[in-house]
Every structure is written in structure tokens, then in C-alpha cells.
Amino acid sequence: MSKQSGRGRVVGLPEWDRCAVMGVVNVTPDSFSDGGRWFDTTAAVKHGLQLVAEGADLVDVGGESTRPGASRVDETEELRRVIPVVRGLSSEGVVVSVDTMRASVAAQALAAGAALVNDVSGGLADPAMIPAVADTGAPFVVMHWRGFLEGGNVRGVYTDVVAEVVDELHARVEAVLAGGVSPDRIVVDPGLGFSKEADQDLSLLAHLDRLHALGHPLLVAASRKRFLGRVLAGPEGAPPPARERDAATAAVSALAAEAGAWAVRVHEVRATADAVRVARAVEGAREEGSAPGAGTPRPAHTATGEPAPPAAHRGGHGPSGAEGVR
């Protein structure tokens, strides 16, 4: 089975022929990588349209920072930030995802034109989230989550991070299914950087096949995260700022695409859009090379265009005229 067919399809969203690219629009003053740059509605909509022009297939709009130590905004403020941007982008034909942990924000964003709910808590932060999503029939991203990160990177103790994340995600997906969300509208996300250290994030990336075993399309959100800074810094250096991690993000995007991810979520789109398209081209060449009959030598032809005789019958002085046959 090809990687492409293994990515799965999310009912209610377009079907892409490769790993999709989800661009990020943070309508916040305090996000870890670009807080404040798109806080104005007009600027946020313009930025979302620019991401689409650079190759984003869908745009994830969020009004609440989830960086470690961030305080929650109130519901009224989150709605004020998010809904006009969702409405503005969807009116331009953009496929919009809303990044929220609140059922009320999700419901109003869907009414304003959003097509997908991306909840980093997987429905745990707000008990009303799963019924709200189920009622609308919207696709839903279930991320691995161990609690709010106020006060730091909490509850990041694992004996086997891959096994535990898979088990906890499985339990969460079962709860979401029990709440009425259709199985063909669920996406899973390992939650890179959420209650995880750099080596744990890398272990999860190295074992995306274990996450695929959950049976749902996979979203990988590694963009500009702390573990990339640690990798780039090496054992002695200081991590580069978040906005200097885009090349590393594109590398992860290519690896995730090659591993069969349904989508990658990134802040800087152009390099990742190129990376996933190259990964798809290589994947296609691999599939073509493994097709029945691929690799079988084509018969040689003489100067007259007639098929040449088999090598064992060409002229020569060895036994059976087979000189040069190895």
C-alpha cells in the first residue's frame, strides 16, 4: 500500500494527493514564535491569504497562546480575536481550521465558515466540546494532552513515551467516538512539545508508524518548536530563536510526509510546501519502480528497428556463442 493511500481521508475536507500543509495564523499578542504580528484582524486575514499563495492547503486560526506558562484569555476576547478572521478567510474560499479549546468558540467559528476544529486538549479542556463538534459533524483533531502548561512543561514524565502517547491517544479517540464524532472525521496529533522534552519529541517523530496504527489520519505540528532549537544548538550552544528554525521545520515536514502524515502544521509555508511536494514526487517514483514489470529490461533493438536476438545467441566465439554473458 502506498504512503498516499495510507494517509487516510478526512470526510468534510478536500482530498489532497500528498501530505497537506496547514499554515498558522496566531491572532495573539503572546504566541511563542510570532505573537503580535497578526493581532489586527486585517493583518491576520492578509497573512492567511499570503500563506495560501505560498502553498498552504488550509489555515489554522487561533486566538489563545498555548506556549508553556501562557495564561488563558477569556471567552469574549478569544471570540473577538478569532471569529472575524475565520469569516474573512472563509469568505475568500480558504479552508479554515479553528485552533481552540472552547466549545463556544468552535461552534461560532464553524458557523462563520471554519471547516475543522483543532483542539490541543482533544476535548478535555471543555466538556461541551465533543457534543458541539458531534452536533455539527465537523472534523476534529484529537491531540495528545496532559493538561494546561501554565507554570511550565507539566507532567512530562514517561517510561516509554511512544507507547504511552499511543495508549493515551487511543483512549481519547475512544472517548471522542463515544461522544458521537464520526471515525472518518477524526485526526490524531502526538502533541509535540506539549508535556514532552526534546528527546521525547524526537522519539515520537522516529515512530510515526506506531501512531498510524491508531487508524486515523495524522497531523504533525513541529513548527519552530523547542526541540528543534535544541537539535540546532548542539550540546553546548544556545538554541536559535523560534523564527530561525524554519529550515529545520521543513526538514521535519519532509520526513513526516515521507512517513505518511496526513498534514503538517507550520508557520512558514513556502519551504514546507516545497518539501512535501518533493517527498510526494519521490514517493511516486518509488511506487512506479515497484509496479509489476518495473525494472524488467526492455528488449534491445538493431539499427533497423528489429528486436535484437537474445544475448546468448549473439555472435561470439565462446560456448553456445555466449561471450559477454555474465
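I began with burial: 49% of the 326 residues of the protein chain count as buried (under 20% relative accessible area with a 1.4 Å probe, protein chains only). The model is predicted, with pLDDT of at least 70 needed for local features and 80 or more for side-chain atom pairs, while totals for chains, interfaces and linings use all residues. Residues are numbered from 1 along each chain as its sequence is written, and side-chain values use heavy atoms, without hydrogens or water.

I then looked up the secondary structure and found 11 helices and eight strands in the protein chain (DSSP runs numbered from the N terminus: H or I of at least four residues for helices, E of at least two for strands).

Next I examined strand β6, residues 186–189. I186 and V188 on one side are buried, as are V187 and D189 on the other, so that both faces are covered. Strand β5 (residues 140–143) pairs with β6 in the parallel sense over four bridges (pairing requires at least two DSSP bridges). V142 has V188 as its bridge partner in β6.

For contacts (heavy atoms within 4.5 Å), I noted that residues 24 or more positions apart account for 66% of those with a separation of 6 or more in the protein chain.

Last, I turned to the lining of the second largest pocket. I recorded 13 nonpolar residues there, with no polar and no charged ones (Ala, Val, Leu, Ile, Met, Phe, Trp, Tyr, Cys and Pro count as nonpolar, Asp, Glu, Lys and Arg as charged, the others, Gly among them, as polar). At least two lining residues come from each of α7 (198–206), α9 (226–233) and α10 (246–258).

Conventions. Buried means under 20% relative accessible area, exposed over 50%, partly exposed in between (1.4 Å probe, protein chains only).
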